[in-house]
Amino acid sequence: MLRFLVMGLLSVGVVAVPTLWYMQGVAEQHALAVAVTAADHIASRLIAPVLSTRALSGDREALAAIDAVVWPRLRDGSVKHIKVWDTAGTVLYSDESPLIGRRFPVPDWFADVVSTGRAQASLSEPDKVENQLEATEGTEVEVYTAFRAATGEQLVFESYFPPEAVTREEHELLVQLLPAAFVALVALHVTQLPGAVRLARRVQRGQRERGHLLAHVAASTDMERRRLARGLHDDVIQDLAGVTYLLESVADDVGTAVRPAVRTAAETVRRDVAILRGMLVNLYPVDLAAIGLPAALESLAAPLRGSGVQVETRIDPDLKVDLTLATLVHRVTREALANIRRHAGAARVTIDVHRTPEAVTLTITDDGCGFEVGSPSEPGHLGLPLARDAVVQAGGTLDLGSAPGQGSTLTASLPTDWGPSPARRKPRRPQGHP
């Protein structure tokens, strides 16, 4: 949920940047539209009524009448410069009198302003030829709008406004729009929270159910192993031991021709009984709840040490993990050490178990003969593949790396939050424990 909230806030920020950029553009266009309205007002309400035929012909007294209506705007700074153009590009009036009567090249859109009446407004620096006689200070709001004089002639009114007016209008609009946009984005994020909470709870419920199922599978497996071990010990091994005693007792009473065969059979049965007893040690599940995982792993290393292999264990003696998680670690270690004992021919083995808040990691390395990773396993060798399946079902990973002549490394990582919360886990002996 914390990651969701952080990502949501980051998403709001990512969305807010282009939104702010777009809103700023909208505010600027609105401010320019306000400038166009002001220019239309000056042209149609102030200049058009006094723009007579005499003024169009350059009569000084007629031009003075235009000065009388526009100079108050120029003095108070609401307008920087004013020009009146005819459609051919001649300046009919300007606050800079040397420009009156001069013709200048006009841009392509000038004719569009005349024919359609659509105004042109932009923030720009006055750098055209006709601006050379005007006192300009950087960027200004330049507006071209068409209007009709009192004589009925179609003309173009050009005006320059200080950029502060547009900036102020833009700022005021942004102040009005930004809170609403921000509240909308935050509200959108907040409305997604209930769904995210439900999803997170569903995922947690699924993890708990998977954890309970895995714990049940582990308990069922242990119970089945105990049942098999009890059956072998109480029935098969006892019967075979009885057969051994019977064969040994009758070996001296049979003829010399069959006596060697009887003694060979007795020896074979005795050896099979020893093998079955050894299998019982691996088959019967260790009581991890009683002895703890470190001691159980040490006991798994004992047979290797007994055969002359140097085994180094790096396990915190105070390591505490969930019982089912400990069972998985024990199972993977047992299968890995069994493979090393049977196939690797290793002289040195290292068992490393460490825990972080997120996972328990088991690493087993050996300096044996190694093998080609990806080569098919021998038929009937299912211990390690089954252990891998159990690790994957618990949400973990199991990787095996090796190369011919370079030993092998097994790494199993099991998440500590795979199942029920610690408060709900109550380690107990599986049913059927003697």
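This is a predicted model: local features need pLDDT of at least 70, side-chain atom pairs count only at pLDDT 80 or more; totals for chains, interfaces and linings use all residues.
Let's begin with helix α1, which covers residues 2–47 and includes L2. L2 has a relative accessibility of 65%, so this leucine counts as exposed, the cut-off being over 50%.

**The loop at G117**

Next comes G117, found in the loop that links α4 (109–116) to β3 (120–124). Is G117 buried, exposed or partly exposed? Its relative accessible area is 39%, so G117 is partly exposed. Once neighbours within four places in sequence are set aside, the contacts of G117 are D112 and A146. Y144 is 27 residues from G117 in sequence, while their C-alpha atoms are 9.7 Å apart in space.

Here are the two accessibility values side by side:

| Residue | Relative accessibility | Class |
|---|---|---|
| L2 | 65% | exposed |
| G117 | 39% | partly exposed |

**The α8 and α9 pair**

Finally, take a look at helix α8 (residues 293–306) and helix α9 (residues 323–344), whose axes are 10 Å apart and meet at an angle of about 10 degrees. Because of that angle, α8 is roughly parallel to α9, a label used for angles under 35 degrees. On the α8 side, the contact is formed by L293, A296, L297, L300, A301 and L304. Helix α9 answers with A326, V329, H330, T333, R334, L337 and R341.

How values were computed:
Residues are numbered from 1 along each chain as its sequence is written. Side-chain values use heavy atoms; hydrogens and water are left out. Helices (H or I, at least four residues) and strands (E, at least two) are DSSP runs, numbered from the N terminus. Buried means under 20% relative accessible area, exposed over 50%, partly exposed in between (1.4 Å probe, protein chains only). Axes are lines fitted to C-alpha atoms, for helices over the stretch in contact, and angles run from 0 to 180 degrees between N-to-C directions. Angles under 35 degrees count as roughly parallel, over 145 as roughly antiparallel, 65 to 115 as roughly perpendicular and the rest as oblique. Contact means heavy atoms within 4.5 Å.
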